[in-house]
Each structure stands twice: as structure tokens, then as C-alpha cells.
Amino acid sequence: MSNIPETFIHPGALVHPDAQLDVGVRVGPFSIIGSKVRIGAGTVIGPHALIEGNTTMGKNNRVFQFATLGSDPQDLKYKGEDSRLIIGDGNTFRECCTVHKGTEGGIGETRLGNGILVMAYAHVAHDCVIRDRVIMANGATLAGHIDIEEAAIIGGLAAVHQFCRVGTLAMVAGGSIVVKDVAPYCTVQGNRAEMKGLNLIGLQRRGFSEDTIDAIKSAHRIIFRSGFLFKDGVEKVETEVPTTPEVQHLVDFLRVSERGFIR
């Protein structure tokens, strides 16, 4: 026998007959599920949640009360196009958070990966791409067209400007205002945010070897602390620092920055 419970929709919920709910989905009282919504197996929707628009959710997600997913973007250029919100597996959306669908002027969709935690009152705007295991703390705000790489952390009440990128395992401190790209593995803080160092605790918790962490430290010191022009610093990194995938990712991330990056 399967361990997945049967699908349950509370009598007080409003689920459109065209919505597609997989096995084991549970919908609490007074929640509203729109006609183009598709929800994967084992997902739990609490009371008073709203999921609308062309929204696809994967398996085993958890949506708490008063969360809003898939609504129209807060973008004056949006003209009602049938854009999408795509959500992976095992994500948690806490109270009163908002995640909006994409726009025709962007990539046409907002995408969230797997294992993401969006805490209370956090906001994800249109056309954002959020990779696996990202954490957005209470009240964190992403403007449109933002790319957040794997396992990054956006602190409480922090705000990220549109078209910025936040790199793998980077940490944006609470209350910070980010207007440029945040390099992978780094910590930034302030208004406007400035480089504070490496997210060493995050690297250690993810099980990075000492040799890998030492290589990242060396690359960080050369690029951000030694006073070199970026081009010269990269050349020095490539000749003096062990070429690990992490160091290469750091260099590649910075090379393609369009808004510039926080130093």
C-alpha cells in the first residue's frame, strides 16, 4: 500500500474544476485554486492561500496561510499575457509571501527550483529565477528579472535591485540594499551593500574540503582585496590559484556581470 495520503480538499476551499491536483494534495479551508493551476503529489496547501494564473507546482511543497502564488506581476508593462510561474519540489512558502508570474518583456515565466524556503512576507517579482535550496528570510524582496544561484541566502528585509544576480552560497545580510551582482561564496552587507568577506560557515556546512576553501580564499583575496584591476586579478588567479570548479565558477560569474559586482 502507498504511504501517500489520498487527495483532500476542504469543503470550504474553492478549487476550479479545471485545476489539476495530483495524488495526496491537501487543500485547507478558504483557499482558492485557479483554473490553470497544476499541483504535484503530496503538496499541502494551508488555509486562506491563493494559487492562480498559469502556475505549475511540483511534489511535496508546503504553502502556508495567506501566501499568494502566480498572481499578475506588479509591472505596468504587463498587459495580461499568459505568462507562467513554475515551482519545483519540496519548497516552503510561509505566511503572506508573494510570488508573481513572468512577463512577455522578460523570460515569460518566474522559475523556482527545489528545496527553497520563502519566509513570511517575502516577495519574488516577475521573471526571477531562483535555484535550489535558496533561503529568503522574512520580508526579503526581489525585484524583477533577478537570478539567484544555488543555496544563496537573502536576509530579512533585504532588497535586491532588478536584473541583479546573487551567486552560489552567497549571503546578503539582513536589511541590505543590493544594486549590483553578489559574487558566489561571498557575504555582503549595508545600504548600499558592500563586500564583507566569504561565507565560510556556509562553505563548511556544505562539506567543502579545506583545499577547496583555501583556493576560494586565495581567489577572493586577489580579486577583491589586492587592489588589482579585475582583468589583472583574474589573470593572477588563473596562474597562481588551483583551478577548482568553485574558483572557475567565481571567475566566470564575475566575467559576465552586466551590472557590475559588489566589491
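1. Ground rules. This is a predicted model, with local features needing pLDDT of at least 70, side-chain atom pairs counted only at pLDDT 80 or more, and totals for chains, interfaces and linings using all residues. Residues are numbered from 1 along each chain as its sequence is written, and side-chain values use heavy atoms, with hydrogens and water left out.

2. The open sheet. Eight strands line up in the order β3-β6-β9-β12-β15-β18-β21-β24, with parallel pairing, in an open sheet of 8 strands. The edges are β3 (20-21) and β24 (165-166), each with a single partner strand, so one side of each lacks a neighbour in the sheet. On terms: strands (E, at least two residues) and helices (H or I, at least four) are DSSP runs, numbered from the N terminus, and two strands pair if DSSP finds at least two bridges between them.

3. Around β12. Strand β12 (residues 84-87) pairs in the parallel sense with β9 (residues 54-57) over 4 bridges, and M57 stands opposite I87. Another 4 bridges join β12 to β15 (residues 109-112), also parallel; here L85 has T110 as its bridge partner. L85 and I87 sit on the covered face of β12, while R84 and I86 are on the uncovered one.

4. On to β18. Strand β15 is joined to β18 (residues 129-130) by 2 bridges, and the two run parallel. L112 has I130 as its bridge partner in β18.

5. Another run of strands. Strand β8 (residues 50-51) runs parallel to β11 (residues 68-71), with 2 bridges between them; I51 is partnered with L69. In turn, 3 bridges join β11 to the parallel strand β14 (residues 98-100), where T98 is the bridge partner of T68.

6. The helix pair. Helices α3 (residues 230-240) and α4 (residues 245-255) have axes that come within 11 Å and cross at roughly 160 degrees. The axes are lines fitted to C-alpha atoms over the stretch in contact, with angles running from 0 to 180 degrees between N-to-C directions. The two helices are therefore roughly antiparallel, a label that applies to angles over 145 degrees. F230, V234, V237 and E238 in α3 meet V247, V251, L254 and R255 in α4, where contact means heavy atoms within 4.5 Å. By class, that contact has 6 nonpolar, no polar and 2 charged residues. Nonpolar covers Ala, Val, Leu, Ile, Met, Phe, Trp, Tyr, Cys and Pro; charged covers Asp, Glu, Lys and Arg; the others, Gly among them, are polar.

7. G139. This glycine lies in the loop between β19 (135-136) and β20 (141-142), and G139 counts as buried at 17% relative accessibility. Buried is under 20% relative accessible area, exposed over 50%, and partly exposed in between (1.4 Å probe, protein chains only). Leaving aside neighbours within four places in sequence, G139 contacts A120, Y121, A122, L157 and A158.

8. Most residues other than glycine have a negative phi, and most peptide bonds are trans. F66, in the loop between β10 (62-63) and β11, has a positive phi of about 70 degrees and is partly exposed at 44%. Y185 also has a positive phi, near 70 degrees, but Y185 is buried, with a relative accessible area of 3%. A cis peptide bond joins N191 and R192, with omega about -5 degrees.

Conventions: Angles under 35 degrees count as roughly parallel, over 145 as roughly antiparallel, 65 to 115 as roughly perpendicular and the rest as oblique.
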